[in-house]
Amino acid sequence: MQPRNDNATSETKLLHADTAGLAQAAQVLARGGLAAFPTETVYGLGADARNSDAVAGIYAAKGRPSFNPLIVHVADLAAAEKLVVFNDAAQALAQAFWPGALTLVLALRDGAGVSSLVTAGLPTLAVRVPDHPVAQGLLRAFGGPVAAPSANLSGRISPTTAAHVMAGLAGRIDAVVDGGACGVGVESTIVDVTGAPALLRAGGVPTEALEAALGAPLSMPDDPDVPLSPGQMASHYAPQGVVRLNATQAEPGEVMLGFGVVKGALSLSETGDLHEAAARLFDCLHRLDAMGASRIAVAPVPDIGLGRAINDRLKRAAAPR
Ligand code: TXA
Ligand code: MG
């Protein structure tokens, strides 16, 4: 693979999620290339976390500010323990939710071998064991830690299908493994466990479930607008159109994104099911882009369970740019 720059153009291979496809994707990673792959949350853009040139390629392909650190994906807890120092709370959370949609921020181990571009120079590392057969297959075929942000251009809508990845990154990355649509649909929940467990980003594992596993409340961001995780930019997940939240009906010129009893041209979930809404959220935003919607009204979504992650993403989609 060539080291790439912002304007790199090469053909992006669309690979099947079978043994041969996973072997090819693992080879791409081993050569320092970029391979996107499905996880249960969203598609990730993977690179060998130990290879600084490869990790630099992620930042270039996404147009991502280099101060924003990346999550490292590994196949199991044993592999994670080689990279970071676990404590009791981290053990409890890993036992309860791995493999799954939970990312733990822990102290980076000396000699972990992870590129400092992954941590953006922080003394901590974000790690996750994904629960998706294709992600697991790739991690095992590759046999090393894989740094992977969501496989979208920086600031744009996260991808939940291989077609979403191609629409944003074709020609900028080496390969995409097509594993169909992601089941959870919003990114992992991020918890900083270097001290008292603190929520950094709402996500696929609801806060209520984390608190039940810990037997204690999580500390929450005081002001949800202050980014605790360096990458929590106010404007993010942005569709092309202007977004208005908590709308009960469309105004003239708006396309309505409904939920439950609030009907729309599209609906996150007609039955008001938060799991379905999370799984459909990014696809609905991609569809609104494809429809050329210049003004988007979004129905209210209850701020409980997965609704918290959905509202976090919607708020960023609606933020001034
Ligand atoms: O579900 C997910 O988490 C997906 C899939 C691909 O695994 N990945 C993902 O990555 O959402 P990304 O890069 O889009 O978001 C990672 C977030 C950023 O907000 C970043 O600032 C934060 O994790 N982060 C990474 N390392 C961190 C650290 N050491 N301390 C605090 N926050 C960190
Ligand atoms: Mg992202």
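A residue counts as buried when its relative accessible area is under 20%, as exposed when it is over 50%, and as partly exposed in between (1.4 Å probe, protein chains only). The structure is a predicted model, in which local features need pLDDT of at least 70 and side-chain atom pairs count only at pLDDT 80 or more, while totals for chains, interfaces and linings use all residues. Residues are numbered from 1 along each chain as its sequence is written, and side-chain values use heavy atoms, with hydrogens and water left out.

The protein chain contains 10 helices and 15 strands; helices (H or I, at least four residues) and strands (E, at least two) are DSSP runs numbered from the N terminus. The radius of gyration is 19 Å, close to the 20 Å that the globule rule gives for 321 residues, so the chain is as compact as a globular protein of that length. This radius is taken over C-alpha atoms, and the rule is 2.2 Å times the number of residues to the power 0.38. The C-alpha trace spans about 55 × 50 × 35 Å along its principal axes. Of the 321 residues, 55% are buried. Where contacts (heavy atoms within 4.5 Å) join residues at least 6 apart in sequence, 68% of them join residues at least 24 apart.

One aromatic pair was found in a search of the whole structure. Phenylalanine 86 and tryptophan 98 form this pair, with 6.1 Å between centres and 75° between planes, an edge-to-face arrangement. Rings of Phe, Tyr and Trp (its six-membered ring) pair if their centres lie within 6.5 Å; planes under 30 degrees apart count as stacked, over 60 as edge-to-face and the rest as tilted. Phenylalanine 86 lies in the loop between strand 5 (84-85) and helix 4 (88-97), and tryptophan 98 in the loop between helix 4 and strand 6 (102-108), so the pair ties together parts 12 residues apart in sequence. Both residues, phenylalanine 86 and tryptophan 98, are buried.

Most residues other than glycine have a negative phi, and most peptide bonds are trans. Tryptophan 98 is joined to proline 99 by a cis peptide bond, with omega about -5°. Alanine 120 has a positive phi of about 50°; this residue lies in the loop between helix 5 (116-119) and strand 7 (124-128) and, at 30% relative accessibility, counts as partly exposed. Asparagine 246 also has a positive phi, near 50°. Its loop runs between strand 12 and strand 13 (255-258), and at 57% relative accessibility asparagine 246 counts as exposed.

How values were computed:
Chains are lettered from A and ligands numbered from 1 in the order in which they are written.
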